[in-house]
Amino acid sequence: MYAYAPIRKVPLDYNGIKSSAFSVQLEDNKDGISEYKEVGVVRNKYLLIPNRDVKDLIDTLVADTGWDWEVAKEYFDGKKYVYTLMTRDLTKELDVGDTVGLGLNAWNSYDGSIAFHLRFMAFRLACLNGMMSNDTFFSYKFKHDSKSEGYEEEIKQAGEMFSRADDRLDVFAQNCNKLLTTVDVSDLANIRKNYLSELPVTTFGKIADEFLLEDEYKETAWDLTNAATRILWHNKKPTVSDYKQNQYVVDQMFKYAAEA
């Protein structure tokens, strides 16, 4: 299913009895034959926002910043959509010698599971690892109801986020600079038990392999964080869990550094 295919909201009924719920249906074109498939059920007042409108809105917002933006990633699983941009015009140098730049995530869903919202993030420019943090970066959520149609005021408010982007990226860089402590085997065990306990075993195993076996890492908390974001950001078959686990790891590693 294509992320920008036509979408519609259809009222549900059974034997002539109308439901208060609506079926969300996405066009699926195969071999020249077009048909609609249900991808979610929402309340009747739910304002269905096509992914194309989300992309166009975000492109308009970032164009007003005057910075050059590039598409870093587009994700769509038939229900959930994530549009990620990055700019190299706003960056911070880290004590470790790396550089991080500003990124932006836009989230949307057709099944009501994720509200349409924006959130800043960061990119490690050396390898383009996306690094997400709920604790450092703020977000702006658009309302999913009929009163939100048009978005004029909401677009204006969302645009004001960019005036604070430099400050938030600076805070993110300061948190990264605290990740320079060495991580040995006992530290790794402590991190797994007390900070990254919610990661699935297979995911943590992949991260540990990356950290312990790849020569580019120098056994610091910063290296472990980058090993994790590399695994989670560059997955060839990404899932929403990859995004959420990315945010979880970054925030928990910041917590570890603050408490170490």
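**From one loop to the core**

Mentor: Let's start with E219, which sits in the loop between α5 and α6. Helices (DSSP runs of H or I, at least four residues) and strands (runs of E, at least two) are numbered from the N terminus. Keep in mind that this is a predicted model: local features need pLDDT of at least 70, side-chain atom pairs count only at pLDDT 80 or more, and totals for chains, interfaces and linings use all residues. Residues are numbered from 1 along each chain as its sequence is written, and side-chain values use heavy atoms, with hydrogens and water left out.

E219 isn't a glycine, yet its phi is positive, about 65°. Most residues other than glycine have a negative phi. With a relative accessible area of 49%, E219 counts as partly exposed; buried means under 20%, exposed over 50%, and partly exposed in between, using a 1.4 Å probe and protein chains only.

Now hop to L128, in the loop between β7 and β8. L128 has a positive phi as well, near 60°, and isn't a glycine. At 29% relative accessible area, L128 is partly exposed.

Setting aside neighbours within four places in sequence, M86 is in contact with D68, W69, E70, A72, L102, G103, F123, L125 and L128, where contact means heavy atoms within 4.5 Å. M86 belongs to strand β5 (residues 80-93), and at 2% relative accessible area it is buried. As a sense of scale, M86 and K18 are 68 residues apart in sequence and 45 Å apart in space, C-alpha to C-alpha.

What about the cores? A nonpolar core is a set of buried Ala, Val, Leu, Ile, Met, Phe, Trp, Tyr and Cys residues joined through side-chain atoms within 4.5 Å. The largest has 72 residues, and I58, L118, F120, F172 and M253 touch the most other members. Helix α7 (residues 240-259) gives the largest share of this core, seven residues. Apart from it there is another core of 11 residues, and our M86 is among them, along with Y75, W233 and Y243. In soluble globular proteins, nonpolar side chains tend to be buried together.

Rings come next. The whole structure holds 15 aromatic pairs. Rings of Phe, Tyr and Trp (its six-membered ring) pair if their centres lie within 6.5 Å; planes under 30 degrees apart are stacked, over 60 edge-to-face, and the rest tilted. F120 and F138 have ring centres 5.7 Å apart and planes at 70°, so they make an edge-to-face pair. The two are 18 residues apart: F120 is in strand β7 (residues 117-124), and F138 is in the loop between β8 (129-131) and β9 (139-141). F120 is buried, at 1% relative accessibility. Then take F123 and W233: their centres are 5.5 Å apart and their planes at 85°, so this pair is edge-to-face too. F123 is in strand β7 and W233 in helix α6 (residues 221-233), so the pair ties together parts 110 residues apart in sequence. F123 is buried at 1%, and W233 is buried at 5%. Ring pairs also join W67, W69, F120, F138 and F162 into a cluster.

Some rings have a charge over them, which needs NZ of Lys or CZ of Arg within 6 Å of the ring centre and within 35 degrees of the ring normal. K73 puts its charged end over the ring of Y243, 5.3 Å from the centre. R192 lies over the face of F204, at 4.5 Å from the ring centre.

Let's finish with the whole chain. It has seven helices and nine strands, and its C-alpha atoms fill a box of roughly 65 × 40 × 35 Å along the principal axes. Of its 260 residues, 50% count as buried. Among contacts with a separation of 6 or more, 59% join residues 24 or more positions apart.
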